[in-house]
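Subject: Handover of a structure and findings

Dear colleague,

Please find below the structure that I am handing over to you.

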Amino acid sequence: MKDFTEQIERIKLKLKKAKETDSEFKVFGAKSHQYEIGKPVDASVVEEFELKYGVELPNCYKSFITQFGNSGSKKDRSAAGPFYGIYAFGTSLEEL
């Protein structure tokens, strides 16, 4: 599996800069996620998900959620990301 550490570190820096630049959360969706990312998902949880649903998630996504973070820092928040942000891993499956 490719190592995405360099890209993840760049995202961390950009996220920090975005929060500093938009401290009043005026960018669309920023009030919701406040440029925060929750704790990473354990790799075993991702493996269980893949087995249960018979899918193989992209390695870059698995690296992101297991090395950087998942969802928002609070249960009712999405994580920083495009538009409304990134939903918690394994949630909102009915929308798929």
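The notes below go from the chain as a whole to its helices and then to individual residues.

Please bear in mind that this is a predicted model. The mean pLDDT of the chain is 86, and 91% of the residues reach 70 or more. Among the helices, confidence is lowest in α2, residues 30-33, where the mean is 85. Helix α3, residues 43-53, has the highest value, at 95.

Overall architecture

The chain contains four helices and zero strands. Along the principal axes, the C-alpha atoms occupy a box of roughly 40 × 30 × 20 Å.

How does the radius of gyration compare with that of a compact globule? For 96 residues a compact globule would have a value near 12 Å, and the chain has 14 Å, which agrees. Contacts were also examined by sequence separation: among those between residues at least 6 apart, 64% join residues at least 24 apart.

Surface and charge

Of the 96 residues, 33% count as buried. The chain carries 15 positive and 15 negative side chains. The centres of these two sets lie 7 Å apart.

Helix α4 and its cover

Helix α4 spans residues 59-68. Which of its residues are buried? They are K62, S63, F64, I65 and F68. The cover over these buried residues includes α1 and α3.

Buried residues elsewhere

A79 lies in the segment after α4. Its relative accessible area is 1%, so A79 counts as buried. In sequence, A79 and A30 are 49 residues apart, while their C-alpha atoms are 9.6 Å apart in space.

H33 belongs to helix α2. With a relative accessible area of 4%, H33 is buried as well. H33 and E94 are separated by 61 residues in sequence and by 22 Å from C-alpha to C-alpha.

F25 is found in the loop between α1, residues 5-21, and α2. Is F25 buried or exposed? Its relative accessibility is 19%, and the cut-off for a buried residue is under 20%, so F25 counts as buried.

Positive phi angles

Two residues other than glycine deserve a look at their backbone angles. F25 has a positive phi of about 55 degrees although F25 is not a glycine. Q34, in the loop between α2 and α3, also has a positive phi, near 50 degrees.

Exposed residues

K39 lies in the loop between α2 and α3, the loop that also holds Q34. At a relative accessible area of 72%, K39 is exposed. Which residues does K39 touch, not counting those up to four places away in sequence? With that exclusion, K39 touches G69 and N70. K39 and L51 are 12 residues apart along the chain, and their C-alpha atoms are separated by 22 Å.

E48 lies in helix α3. Its relative accessibility of 54% is over the 50% cut-off, so E48 counts as exposed. The C-alpha atoms of E48 and G85 are 24 Å apart in space, and the two residues are 37 apart in sequence.

In summary, this predicted model shows four helices without strands, with 33% of the residues buried. Its radius of gyration agrees with the value for a compact globule.

Yours sincerely

Note on methods:
Residues numbered from 1 in each chain as written. Predicted model: local features only at pLDDT ≥ 70, side-chain atom pairs only at ≥ 80, totals over all residues. Heavy atoms only, no water. Rg over C-alpha atoms; globule rule 2.2 N^0.38 Å. Buried < 20%, exposed > 50% of the residue type's maximum accessible area, 1.4 Å probe, protein only. Contact = heavy atoms within 4.5 Å. Lys, Arg positive; Asp, Glu negative; His and termini not counted. Charge placed at Lys NZ, Arg CZ, Asp CG, Glu CD. pLDDT = per-residue confidence, 0-100.
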